[in-house]
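Please find below a short note on the structure under review.

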Amino acid sequence: MNKDIYLSNTLAGKKEIFKPINEKKIGMYVCGPTVYDDPHIGNARPLVIFDILFKVLKCKYGKSSVTYVRNITDIDDKIIESSKQKKIPINKLSENITKSFNQDCEYLKCEKPSFEPKATENISLMIDMINILLKNGNAYENSSNVYFDVSTFKDYGKLSNKNIDELLAGARVEVSKNKKNPEDFVLWKPSNDDEPGWDSPWGRGRPGWHLECSAMSKKFLGDTFDIHGGGRDLIFPHHENEIAQSRCANGNKSFSNYWVHNGFITISNEKMAKSQGNVFKIKDFHSKYNGQVLRLALISTHYKQPLDWNDNLLIQSQKTLDKWYECYKAPKGKVLIDEKDLSPLYDDLNTPGYISNIHKLYDKAAKGSDKDKEIFTTACNFIGLLTEPKSSWLEFKKRNLNISEKEILQKIKERNIARDNKNYELADKIRNELLDKGVLIEDKDDKTTWKLK
RNA sequence: GGUAACGUGGCGGAAUGGUUACGCAGAGGAUUGCAAAUCCUUGUAUCCCGGUUCGAUUCCGGGCGUUACCUCCA
């Protein structure tokens, strides 16, 4: 499609036309999980959003032209802490959580990124980068710690619109006697014997939080690439620090040209936080809802907007998908989505606008030909919906049913006898009983059929 | 205090310098033993105050309000 893609670029502070460095080699890096606890629905939002951006980029520039990298941070103080708390060895914990993360991605119908590098497999690259920063005078060592010297990077604060003086006025930055300045951040820190560590020129230790993204984006996408994504909260300090490290280590070249950040999820209008006790894990929904329901809920609001998570949201999403599955028809061969229908996604990933177009395609499909149904289904597939056949959608719902098919048919038989005898009171009672169990009765012509509510 | 996002009908949520989103819920109708499902029809909105304009919900300024980040966090 010839249409241009637009993205809201945090670095520019506005929506911009997307111009790739090289149309045949587009690079997108998205901050993946730190594997210390099961992913929550807040983590689910960027997973789905950037999955769709990946699809849109591939649609415009071709499948093989887009490289999507999403890291797994498997060394971090949070993991060490969590491991102590849960009394699980660190390796085992990060392995378990990584597995759980992958299950969640599958559940949410996210396709695999091109690369999913792990921090622990790239420590030597991080050490290399620290060496360059030390050599360039952007970093200094003190008692086996290595710090980045923020004062040496004059663009520090550009992404988050902060200047260092104001930052210090807040004075909540960690002050350490090892640091020259409070705003400096750790590149390398020593490890105790009971903590994971790697040999380095500064002794046995481990990398600081931000370094893995700088090292791994360089490895897979080069010094300069197109898009860097993540949640809003990562703008400062994480992404600001990544920019500082990478540009100073890579000859001050531009790092990522476009910075895309998704908004937060609130729970019934309250901040989701451990202290509030309202953190929902993605896992919590596995048995009750098909992953598509969460996926639709997550994209029902524009990615930059806050999204409130509540029962009504999930009920509506479930209902919409139930309706849409009525028109499901697996496309045979290649079916094209109309440019006009697709265009909201090109305009800064306007998913609600696109969903509205799907509703229109549904109306057409509902009274149209098989071809219309295939077009409708293809449009859903594009954003990762209706990606499993109807049978499997229904199968999932049946699993939550606490009545057997045999019993249902028996009840229908009883009800029809009652109806023949004009005992409508009993007939309605049976129908309501079935309805309570999630079974919906339909009398069509002379036949009674049932389906899941 | 600093930085940013946002304020649209009963709810969710787009777009737009003048007319229309879309979904859910509601109302009326067709159908039905009654329903359900389906189909048809339909009402309701742009935080406040200025400015620009023939005309602003949309652009500009001010105010009020909500939220986030500035500390680990998607």
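The points below concern a predicted model and take up a strand residue, a helix with its cap, and a pair of helices.

1. Ser8 belongs to strand E1, which spans residues 6–9. The relative accessible area of Ser8 is 10%; because the cut-off for a buried residue is under 20%, Ser8 counts as buried.

2. Leaving aside residues up to four places away in sequence, Ser8 touches Lys14, Lys15, Trp259, Val260, Tyr303, Lys304 and Asp348.

3. Helix H8 covers residues 291–298 and is mostly covered, with eight of its eight residues buried. Those residues are Gly291, Gln292, Val293, Leu294, Arg295, Leu296, Ala297 and Leu298. The N-terminal end of H8 is capped by Asn290, of which a side-chain oxygen lies 2.9 Å from the backbone nitrogen of Gln292.

4. Helix H9 (residues 311–325) and helix H13 (residues 390–399) have axes that come within 11 Å and cross at roughly 140°. H9 is therefore oblique to H13. The crossing in which H9 passes H13 is left-handed.

5. To the contact between these helices, H9 contributes Gln318, Leu321, Asp322 and Tyr325, while H13 contributes Lys390, Trp393 and Lys397. By class, the residues of the contact of H9 with H13 comprise three nonpolar, one polar and three charged.

Conventions: Residues are numbered from 1 along each chain as its sequence is written. Chains are lettered from A and ligands numbered from 1 in the order in which they are written. This is a predicted model: local features need pLDDT of at least 70, side-chain atom pairs count only at pLDDT 80 or more; totals for chains, interfaces and linings use all residues. Side-chain values use heavy atoms; hydrogens and water are left out. Buried means under 20% relative accessible area, exposed over 50%, partly exposed in between (1.4 Å probe, protein chains only). Helices (H or I, at least four residues) and strands (E, at least two) are DSSP runs, numbered from the N terminus. A polar contact is a pair of N or O atoms within 3.5 Å; within protein, one must be able to donate a hydrogen and the other to accept it, and residues adjacent in sequence count only if both atoms are side-chain atoms. Contact means heavy atoms within 4.5 Å. Axes are lines fitted to C-alpha atoms, for helices over the stretch in contact, and angles run from 0 to 180 degrees between N-to-C directions. Angles under 35 degrees count as roughly parallel, over 145 as roughly antiparallel, 65 to 115 as roughly perpendicular and the rest as oblique. A crossing is left-handed if the near helix is turned anticlockwise from the far one by less than a right angle, and right-handed if clockwise. Ala, Val, Leu, Ile, Met, Phe, Trp, Tyr, Cys and Pro count as nonpolar, Asp, Glu, Lys and Arg as charged, and the others, Gly among them, as polar.
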